[in-house]
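Colleague: Thanks for sitting down with me over this one. Shall we go through it together?

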Amino acid sequence: MYTIQANPSGTRSIEVSNENLRTIEKYALFRHLIDSTGIVDEAVLDKLKLNIRSLIASQEEDSKDLLDLCIDVIYHNNMKAFGLQQLIKLYLTWLSNMEAEEEEE
């Protein structure tokens, strides 16, 4: 379980599980999410929410992992652009750690 900061002052946070991070990886939710400016703002968060909604709507199989990600993280009351930026940083760190572990094996 990881904790990300949801606002610049650090008074709000969001818990992120390994399962949430695996879901982000499974569906490549951050791929092509941010435009060439590299700025994470509310429009990027809205784009992510719309992408997830369309994934859930188009799936015929169980999408419990996506729903859990939405409930726990993406639609969390404290999730704003700053929180999404922290989530992306956490995901990149987590991903590089997973790749390093795979190389060791």
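Colleague: Which element gives the largest share of the lining of the largest pocket?

Modeller: Happy to start there, keeping in mind that this is a predicted model. The elements that each give two or more residues to the lining are α1 and α4. The largest share, 4 residues, comes from α4.

Colleague: Nice. How are α1 and α4 oriented to each other?

Modeller: The axes of α1 (residues 18-27) and α4 (residues 81-104) come within 11 Å and cross at roughly 90 degrees. Angles of 65 to 115 degrees count as roughly perpendicular. Therefore α1 and α4 are roughly perpendicular to each other.

Colleague: Which residues of α4 make the contact with α1?

Modeller: From α1, the contact uses Asn-18, Leu-21, Arg-22, Ile-24 and Glu-25. By class, the contact has 7 nonpolar, 1 polar and 2 charged residues. On the α4 side, the residues are Leu-87, Leu-90, Tyr-91, Trp-94 and Leu-95.

Colleague: One last thing: is His-32 buried or exposed?

Modeller: His-32 is found in the loop between α1 and α2, and its phi is positive, near 60 degrees. Over 50% relative accessible area counts as exposed. His-32 has 68% relative accessibility, so the residue is exposed.

Terms used
Residues are numbered from 1 along each chain as its sequence is written. This is a predicted model: local features need pLDDT of at least 70, side-chain atom pairs count only at pLDDT 80 or more; totals for chains, interfaces and linings use all residues. Side-chain values use heavy atoms; hydrogens and water are left out. Axes are lines fitted to C-alpha atoms, for helices over the stretch in contact, and angles run from 0 to 180 degrees between N-to-C directions. Angles under 35 degrees count as roughly parallel, over 145 as roughly antiparallel, 65 to 115 as roughly perpendicular and the rest as oblique. Contact means heavy atoms within 4.5 Å. Ala, Val, Leu, Ile, Met, Phe, Trp, Tyr, Cys and Pro count as nonpolar, Asp, Glu, Lys and Arg as charged, and the others, Gly among them, as polar. Buried means under 20% relative accessible area, exposed over 50%, partly exposed in between (1.4 Å probe, protein chains only).
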